[in-house]
Amino acid sequence: MAGTKRTDSDPSGVGRRGFLAAGAGAFLCTIGGENILVGKPGDAAKADAAAARVKRPAGAKSRPAATVPGADPVDQLRFGTPTPQPGGRTREYWIQATAVVWDIMPNRPRRDYWHGMPVAGPTNFRAFVYQEMTEGFADTKGPAAMPGPTLHCEVGDVLKVHVRNALPDKYAQAITMHPHGVRYTPDYDGSYIGDFTRAGGFIGPGEEFTYTWEALPESVGAWPYHDHGPNHTLNTMRGLYGGIIIRPKGAPKPDVEKMLFFHSLSPPTTGLTRVFQCINGRAYAGNTPTIRAKAGQDVALHAIGMDDNFHDFHIHGHRWHKDGGSFMTDCQSLGPGETVTARFVEDNPGRWLYHCHVFSHQDNGMAGFYLVTR
Ligand SMILES: [Cu+2]
């Protein structure tokens, strides 16, 4: 098949022609030394099969062996587990990675409520998500939903996050949780790096791992976390992500606060026939989050790019300080993994749109309603 033929010009083994022949939303996954082109419905299963073949690296329980080719003295370093700063506390979470049938357009009738247009189905696919559990994984605490639970802490605290790999047997593969914004040692990075993988970089099927992360003064803000195991590109694209909010010590919560992940769900990822441009796994106003606020409230909306596109976070009727500086904006671009926070005192009641200002994204679902009462 052309899509997997190795060419001299492309040592990846996939080939330019194969990549171009793949459908919209195609992406290349390098999984445990194999190149898998996820370019059309059905390819996700190939990536899952490749991920299932990835063996636990020797160092995943402690540190890489000195004999690994390319090993460096840094690979032999040992690290402790951080504790809270004086006056800080430990914020503990239990979270499992699981699979769920996810509806991109759950409201019926299935419509784009902005344009008043019916949208043809199907809109269900098999998502991987992080689900909050009660202490000791005794029971479910939150929904199996996209995004995963938002982790909250203050400067000086540590986040202690117990992660269990509860993917069903059919999708059995290693996963991790990789955070942004917090401080962590390599053991708690949550990244699979082949033979250099350390403790938290490979949570095998049925296993648990506890990450411990520090909230520094520089950690204040809203950040993503996501899978960074052997199959991280596909798994993040299909829902294995969530958010972290870190406040200065004692700082009040905004009256209204929302994490908004901008990302696409395309046929190679979902097995569906078309691309949906999503916010938090949902497409089209009325399905995407409807945000509500009252005049006078302190509002913080955190938009994060969670695919391989650039987006433009636009809110009608409102302005905010760009990056906290003196310039104002009402439309701010965000790249993959990047956060834009729109924070303002609400002063403009009515029904408003918020959306990505890339038109092809906006018109394929990346839009929602913001409802402000007096
Ligand atoms: Cu966009």
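The secondary structure of the protein chain amounts to 5 helices and 23 strands, where helices (H or I, at least four residues) and strands (E, at least two) are DSSP runs numbered from the N terminus. This is a predicted model, in which local features need pLDDT of at least 70 and side-chain atom pairs count only at pLDDT 80 or more, while totals for chains, interfaces and linings use all residues. Residues are numbered from 1 along each chain as its sequence is written.

**Overall form.** The C-alpha trace of the protein chain spans about 65 × 60 × 40 Å along its principal axes. A compact globule with 374 residues would have a radius of gyration near 21 Å, and the protein chain, at 21 Å, agrees with this; the radius is taken over C-alpha atoms, and the globule rule is 2.2 Å times the number of residues to the power 0.38. Of the 374 residues, 44% are buried, a residue being buried if 20 or more other C-beta atoms lie within 10 Å of its own, exposed if 12 or fewer, and partly exposed in between, with C-beta atoms placed from the backbone. Among contacts with a separation of 6 or more, 67% join residues 24 or more positions apart, two residues being in contact if their C-beta atoms, placed from the backbone, lie within 7 Å.

**Domains.** The chain is divided into domain 1 (2-73), domain 2 (74-250) and domain 3 (252-374), with bounds that come from an automatic or database domain assignment. The centres of domain 1 and domain 2, taken over C-alpha atoms, are separated by 22 Å. Their contact takes 24 residues from domain 1 and 21 residues from domain 2. On the side of domain 1 that touches domain 2, the elements giving two or more residues are β1 (27-31) and α2 (43-53), and α2 gives the most, with 5 residues.

**Core.** The largest nonpolar core has 89 residues, of which Val38, Ala47, Leu159, Val161, Val163, Phe261 and Phe262 touch the most other members; such a core is a set of buried Ala, Val, Leu, Ile, Met, Phe, Trp, Tyr and Cys residues joined through C-beta atoms within 7 Å. Strand β6 (residues 124-133) provides the largest share of this core, 6 residues. Leaving aside residues up to four places away in sequence, Val38 touches Ala26, Phe27, Cys29, Asp43, Ala44, Ala47, Leu234 and Pro268.

**Strand pairing.** An open sheet of 4 strands has the order β7-β12-β11-β9 with mixed pairing. In this sheet β7 (151-154) and β9 (178-179) stand at the edges, each with a single partner strand, so one side of each is left without a neighbour in the sheet.

| Strand | Partner strand | Bridges |
|---|---|---|
| β11 (residues 221-226) | β12 (residues 241-247) | 6 bridges |
| β17 (residues 311-315) | β22 (residues 350-356) | 3 bridges |
| β22 | β23 (residues 367-373) | 6 bridges |

Within these pairs, His226 has Tyr241 in β12 as its bridge partner, Ile315 stands opposite Tyr354 in β22, and Trp352 stands opposite Tyr370 in β23.

**An exposed loop residue.** Gln76 lies in the loop between α2 and β3 (90-103) and is exposed, with 12 other C-beta atoms within 10 Å. Beyond residues up to four places away in sequence, Gln76 touches Arg63 and Ala66. The C-alpha atoms of Gln76 and Ala65, which are 11 residues apart along the chain, are separated by 7.6 Å.

Key. Two strands pair if DSSP finds at least two bridges between them.
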